[in-house]
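Dear colleague,

I am handing over the structure below for you to look at. My notes on its aromatic residues follow.

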Amino acid sequence: MSLFAEKVEKPVNEEENDGDDNEPAVEEESTAVFTPVVQLTEVEVKTMEEDEDILYTGRAKLFTHGESLLNKGTGVKSWNERGTGDVKFLKHKETSHIRVLMRQEKTMKIIINHFLDPRIKIQPNVGASDKSWVWSAFDFSDGENLVETMFAIRFKTPEFAQEFEKEFKAGQKEMTVLMAGGDANATIEEKKETDEISKAVENLGVNNKNEDNKNEDKKEEDKKDEDK
């Protein structure tokens, strides 16, 4: 018997050594189904623009003149950028009121919201290019208070700026008719007919007044004759 036993090598199973020892194990796909505890229902969000028709829309950058956050309470005012987005003129389908609405394009936050009051004076931005306009209005962007605000709006081209001014003033004309008690949607013929009727009613009132005065004068003359 040998003092040194011979090493007997165990035969290698080829099937066990086919794969790479460093290769990760194959993960099994999970078929578990998880049911949410709370069922969320789809909610319709209204922007209040559903009841309005778009008369005009154009992309621009909006500025306001006032105190910045850093100068709050100091009385120091400057032009501050409020945001970039589409400025719109919206006409209500029932009341025919026209308002200016603009949302910041990334956050959709309202940055301008006021009626097209005929008393608003829109003017070129002094010292700026011919692509910018300035005006003041009572703004309702925060949804709580009317705040008198000075706005400046700048467009990409002078042509876009001119189109904005044209539609701005056209909307003011419609609001003028509406505030006077007329129909902003009436045709030229209808407005002419309304004017003629108004004048006729006025003349009728004047004629009636003249007749009343004549009758009063006649009564006074008759009374004088009776006294004689």
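How many aromatic pairs does a search of the whole structure find? The search finds nine, where rings of Phe, Tyr and Trp (its six-membered ring) pair if their centres lie within 6.5 Å, and planes under 30 degrees apart count as stacked, over 60 as edge-to-face and the rest as tilted. Please bear in mind that this is a predicted model, in which local features need pLDDT of at least 70, side-chain atom pairs count only at pLDDT 80 or more, and totals for chains, interfaces and linings use all residues. Residues are numbered from 1 along each chain as its sequence is written, and side-chain values use heavy atoms, with hydrogens and water left out.

One of the pairs is formed by Phe89 and Phe168, whose ring centres are 5.9 Å apart with planes at 75°, so this pair is edge-to-face. It links distant parts of the chain, since Phe89 belongs to strand E2 (residues 78-92) and Phe168 to helix H1 (residues 158-179), 79 residues apart; helices (H or I, at least four residues) and strands (E, at least two) are DSSP runs, numbered from the N terminus. Phe89, at 1% relative accessibility, is buried, and Phe168 is buried at 0%, where buried means under 20% relative accessible area, exposed over 50% and partly exposed in between (1.4 Å probe, protein chains only).

Another pair joins Trp135 and Phe164, with ring centres 5.8 Å apart and planes at 40°, so it counts as tilted. Here Trp135 lies in strand E6 (residues 132-139) and Phe164 in helix H1, 29 residues apart, and the pair again links distant parts of the chain. Trp135 is buried, with a relative accessible area of 2%, and Phe164 is buried at 0%.

Finally, Tyr56, Phe89, Trp135, Phe151, Phe155, Phe164 and Phe168 form one aromatic cluster.

Best wishes
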